[in-house]
Amino acid sequence: MDYKKVFERLWSDYIDTNPHVKKIYDLFTAEGEVVINDHIAFRTFNDASINVDVLAKVFLANGYEHKGSYTFESKHLFAKHYEHKTDLLAPRVFISELILENFSRDFQHVIKKEIASIDKKLLFSDELIYAGNLWNKPSFAVYEKLKKESEYAAWVYVFGFRANHFTVSVTDLKKYDSIEKVNSFLKQNGFIINNIDGEIKGTPEELLEQSSIKSGFIDVNFEEGVREIPSCYYEFAKRYKDKDGKLYSGFIAKSADKIFESTDFYEKQG
Ligand code: NI
C-alpha cells in the first residue's frame with residue numbers, strides 16, 4: 001500500500017473530529033498557500049502490545065525507517081521518529097509512549113485493565129493506528145483521575161490511536177514564511193497559541209522552530225454524559241539548513257516537551 005493512503009485516512013479522521021484544524025488549513029489555502037505536512041504524531045503507552053514499535057509497523061511496511069529517539073524525563077515519555085527512505089516529500093512520523101512504571105499502582109492498574117480489553121485481532125492489524133479509543137466508553141471520573149498524574153495519559157485514555165496532530169511546514173509557506181507571522185495570523189483569527197515557555201519553541205540556531213495552537217474543545221460522550229474537553233491540535237514547524245546546507249530533519253526534545261502540553265485541559269474562554 002502507498003504511504004499516501006495512510007496519511008489521507010488519518011487526515012480525514014483528524015479533520016472530522018477536529019473542525020478547528022480544518023479551519024486553519026482552509027485559512028492558509030485561502031491565502032494562496034500550499035500546505036505541506038511536516039510530521040504527524042501518535043501517543044501510546046509502553047505496554048508491549050501497543051508500544052511505539054507496534055504503532056510504527058504500518059509505517060515501516062510502507063517505506064519508512066527509524067531515524068531518531070528521544071527521552072522526555074519530566075513527562076515520563078520515550079519517542080522515536082521515522083522518515084520515508086526515498087520520498088523526501090513524505091511527512092515524518094513521531095510516535096511517543098508513556099512509561100507506565102513511573103506512575104502510581106492505581107494509575108497503572110487502570111491503564112493495564114483498558115489495554116487488556118482491546119480486541120486481540122486489532123493488535124496485529126494495520127487498523128490499529130486509526131482505531132481511536134479501543135476500550136469501553138470512557139468515564140469522566142477516570143479521565144480526571146488520570147489527568148492528575150499525566151495529562152498525556154488522560155488524552156490517550158479518551159482519544160486512543162489517531163493522529164494527535166498534523167504539522168504545517170512553515171518552511172514551505174510563501175507569504176507566512178516565519179513562525180511569528182503564522183502565530184499572529186492565527187491569533188487574528190481567534191486561535192489560542194500554546195505559550196508555555198513562549199509561543200515559539202526552538203531557535204534558528206537549533207535548526208527548528210515550532211509553535212502550536214491549544215487543542216480545540218470537542219464534545220465527548222462519557223459514561224457520565226457529554227463533556228467538552230480539549231482534543232487535537234495543529235502544529236507549525238520551520239526547519240533551517242545546517243552548515244552543510246542540509247535541511248534539519250530531526251526533533252528537539254526540549255521544544256517538543258512543552259508542545260505535548262498543547263492538549264492539557266484549560267478553562268475555555270467565552
Ligand atoms: Ni509535533
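The model is predicted. Its nickel ion has protein donors from His39, His165 and Glu235, and its largest nonpolar core has 83 residues. Helix H4 spans residues 105-116.

**Nickel site**

- The angles among the four donor atoms run from 52 to 122 degrees, and the site is irregular.
- Along the sequence, the donor residues follow the spacing H-x125-H-x69-E.
- Distant parts of the chain are linked here: His165 belongs to strand E5 (residues 165-169) and Glu235 to strand E9 (residues 233-239), 70 residues apart.
- His165 is buried, at a relative accessible area of 5%, and Glu235 is buried as well, at 2%.

**Nonpolar core**

- Within the largest nonpolar core, the residues with the most contacts are Phe28, Phe45, Phe59, Tyr234 and Phe236.
- Helix H7 (residues 151-159) gives the most to this core, contributing eight residues.
- In soluble globular proteins, nonpolar side chains tend to be buried together.
- Beyond four places in sequence, Phe45 has contacts that include Ile50, Leu98, Leu100, Ile111, Ile115, Trp135, Ala153 and Val156. Its contacts also include Asn51 and Glu97.

**Tyr234**

- Tyr234 is part of strand E9, the strand that also holds Glu235.
- The relative accessible area of Tyr234 is 2%, so this residue counts as buried, the limit being under 20%.
- Tyr234 and Ile40 are 194 residues apart along the chain, yet their C-alpha atoms are separated by 9.6 Å.
- Leaving aside neighbours within four places in sequence, Tyr234 is in contact with residues including Trp11, Tyr14, Val21, Ile24, Tyr25 and Val35.
- Further contacts of Tyr234 include Phe166, Thr167, Val168, Ser212 and Ile213.

**Helix H4**

- H4 has twelve residues and reaches 16 Å from its first C-alpha to its last, close to the 16 Å expected at 1.5 Å a residue.
- Phe107, Val110, Ile111, Glu114 and Ile115 of H4 are buried. Because they cover an arc of only 130 degrees around the axis, they fall on the same side of the helix.
- Arg105, His109, Lys113 and Ala116 are exposed on the other side of H4.
- The cover over the buried residues of H4 includes strand E1 (37-45), strand E4 (92-98), helix H6 (140-149) and H7.
- Two of the buried H4 residues, Ile111 and Ile115, are among the contacts of Phe45.

Terms used
Residues are numbered from 1 along each chain as its sequence is written. This is a predicted model: local features need pLDDT of at least 70, side-chain atom pairs count only at pLDDT 80 or more; totals for chains, interfaces and linings use all residues. Side-chain values use heavy atoms; hydrogens and water are left out. A nonpolar core is a set of buried Ala, Val, Leu, Ile, Met, Phe, Trp, Tyr and Cys residues joined through side-chain atoms within 4.5 Å. Buried means under 20% relative accessible area, exposed over 50%, partly exposed in between (1.4 Å probe, protein chains only). Helices (H or I, at least four residues) and strands (E, at least two) are DSSP runs, numbered from the N terminus. Contact means heavy atoms within 4.5 Å. Donors are N, O and S atoms within 2.8 Å of the metal (3.2 Å for Na, K and Ca); water is not among the atoms, so sites may look incomplete. Four donors count as tetrahedral if all angles lie between 85 and 135 degrees; four count as square planar and six as octahedral if opposite donors are over 155 degrees apart and all others between 65 and 115; anything else is irregular. The expected span of a helix is 1.5 Å times one less than its number of residues. The arc is that of the directions from the helix axis to the C-beta atoms.
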